Amino acid sequence: MSIDQANKFGFTINRSRLIDYDASDRKVRDYITAREPSFRLCFACGGCTAACTAGHHTTFNLRRMNTYIRRGEIDPLREEVTRCMLCGKCLLVCPRGVNTRNVVAVAAEAIRKLDRNEL
Amino acid sequence: MKGTPQHVIIAGGGVAGIEAAGTLADLGYRVTLVEKGDEPGGHILQWHALFPDRRPAGEVKSYLRKRIEHRNINIITRTTVEKIRHHGGGVAVNLSGGTEEKADAVIVATGFELFDARRKEEYGYGIYDNVITSAELEEMFNRNRIVKADGTVPSRIGLIHCVGSRDEKVNNNHCSKVCCVTAVKQAIEIRKMLPSCEVFCFYMDMRMYGPYYEELYREAQEFHNVNFIRGKVSEASVNINNRLVIKVEDTLAGRPLRMELDIMVLMVGMEMAGSGMKLAEASGMKRGINRFLETTDHHYGNNLSSIKGVFYAGTCTAPMNITDTISHARAAVAETVRYLNGK
Ligand SMILES: Cc1cc2nc3c(=O)[nH]c(=O)nc-3n(C[C@H](O)[C@H](O)[C@H](O)COP(=O)(O)OP(=O)(O)OC[C@H]3O[C@@H](n4cnc5c(N)ncnc54)[C@H](O)[C@@H]3O)c2cc1C
Ligand code: SF4
Ligand code: SF4
Ligand code: SF4
């Protein structure tokens, strides 16, 4: 197959879909866990996401964001933290008592620090 | 056993109390079974068909009835055990009405209480007509009629797991163990009674811990088209068509989901019974952080209290199914007999 054909059929080089746990970095997770220990309690029920108004109109998903943090998936996290309106509705639902709103706030802070090489 | 038979009082006449009474009586002990309700039986009197095999609950109820037809057993109903205390070398219990009964040992079998669903306001129990509990659905099965409050036949029913369990907001961090499999059992029952009614289970984790539970789950998928959605329902409301609307995240799709329902069934959890709690406080029996009675050791002292001559049986110590309750009650008898033999 020529390069030309390959392009036509979309055979470009894709970024890996793999969560490469050993290559990713959990500094952000550790920063959040130290400042908001309740973060550890999330059991991924999605109650927060169901309650969240932001998530009804955008791809924002707090439950998934928590998983990104745990896995050290920083790129998708970067986008997530900007979408929360810090309204606190999710706090009323969470059966594990995670201080959800503060998790988002601290995650945003962690990313700022990461970008300034301060983490 | 020589001389006059030793006497054991059993506080609570549910599955645990009945099995303990029957076993002690078979061994030649004299038993007084005290039940606060109108008749012995406890919660299972309300159930229709039992997991894991969906046998009629009546079969187990009649087993239990026969279990206490015994000349060594004296049954006292409509009476509450209020306090247990030491008396001479044995124990004495205070009963409601001001009477007292003496014995050589006591088995506490005060059971559990269903979570009061009104405490989860966001689900609208007691506010919206068609929000019911799993126990109320059992009553509908018993009457052989599943209908909405207005008498019409439902076309979609949702079963909501973990209501009042695994939820810090209502001060219950424990799992009630039996409600996942109860939901699966009830989902199948609905599908059999109303083949055109869709059924959805909303779960956080499917806890199919007992023998044949996983098989029942598989059967629900394979033969009964029960739908399973992984996510905790955050709230329910009613729309202009008077249908319930729930909000949940479909966590496997990673997107919020809304759905209309005709009936929403809350799988209410098990809590320590209030009357058991009062008895524990009056008698100095310890309770765990989950409020159930605390035994001296989770592994090898699971029927023992820290009070001499007082033993525990059944769901007053933790959520359990019937099978485990019966085993636990028999084990309580073994501990009681060991104690009485050493007296
Ligand atoms: C919705 C639901 C469905 C279930 N379905 C099944 C099933 O299909 N299969 C299965 O294996 N298990 C099932 N279970 C579990 C089953 O109900 C329990 O295992 C069983 O009822 C426990 O028996 P128990 O004697 O410990 O408690 P209980 O049934 O609660 O009995 C305790 C008794 O003690 C009495 N009592 C309490 N305090 C006092 C006092 N101070 N003085 C005197 N009397 C007192 C109460 O009135 C009651 O009669 C189900 C549970 C639920 C919640
Ligand atoms: S605080 Fe953020 S995540 Fe929580 S409900 Fe509000 S917008 Fe959604
Ligand atoms: S509601 Fe709480 S436990 Fe559930 S996914 Fe959100 S943060 Fe995690
Ligand atoms: S058994 Fe299932 S429904 Fe019941 S509390 Fe445990 S996880 Fe929730």
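Colleague: How do the residues of the shell around ligand 2 divide by class?
Modeller: This is a predicted model, in which local features need pLDDT of at least 70, side-chain atom pairs count only at pLDDT 80 or more, and totals for chains, interfaces and linings use all residues. The shell around ligand 2 divides into nine nonpolar, one polar and one charged. Ala, Val, Leu, Ile, Met, Phe, Trp, Tyr, Cys and Pro count as nonpolar, Asp, Glu, Lys and Arg as charged, and the others, Gly among them, as polar.

Colleague: Which residues surround ligand 2?
Modeller: Among them are Cys52(A), Cys84(A), Cys87(A), Cys90(A), Phe60(A) and Lys89(A). A residue is near a molecule if one of its heavy atoms lies within 4 Å of it. Residues are numbered from 1 along each chain as its sequence is written, chains are lettered from A and ligands numbered from 1 in the order in which they are written, and side-chain values use heavy atoms, with hydrogens and water left out.

Colleague: And what is the space taken by ligand 2?
Modeller: That space is the largest cavity. On a 1 Å grid over the protein atoms alone, a cavity is a set of points where a 1.4 Å probe fits but cannot get out. A molecule sits in one if more than half of its atoms lie within 2 Å of its grid points.

Colleague: Moving on to ligand 3. Which helices each supply at least two residues of its shell?
Modeller: Helix 3 (47-51) and helix 5 (62-71) of chain A. Helices are DSSP runs of H or I with at least four residues, strands are runs of E with at least two, and both are numbered from the N terminus. The shell around ligand 3 includes Cys42(A), Cys45(A), Cys48(A) and Cys94(A), and by class it has seven nonpolar, four polar and one charged residues.

Colleague: Now ligand 1. Which residues are closest?
Modeller: Of 34 residues around ligand 1, the closest are Glu35(B), His43(B), Ser275(B), Thr315(B) and Met320(B).

Colleague: How far is His43(B) from an oxygen atom of ligand 1?
Modeller: An N or O atom in the side chain of His43(B) is 2.8 Å from an oxygen atom of ligand 1, a polar contact being a pair of N or O atoms within 3.5 Å. A backbone N or O atom of Ala16(B) lies 3.0 Å from a ligand 1 oxygen, and for Asn321(B) the backbone distance is 3.3 Å.

Colleague: How much of ligand 1 does the protein cover?
Modeller: 97% of the 1,000 Å² of accessible area that ligand 1 has on its own, by the Shrake-Rupley method with a 1.4 Å probe.

Notes: 1 Å grid on protein atoms, 1.4 Å probe; cavity = no way out; pocket = protein on both sides within 12 Å on 5 of 7 lines; lining within 4 Å. Polar contact = N/O pair within 3.5 Å; in protein donor to acceptor, adjacent residues only side chain to side chain.
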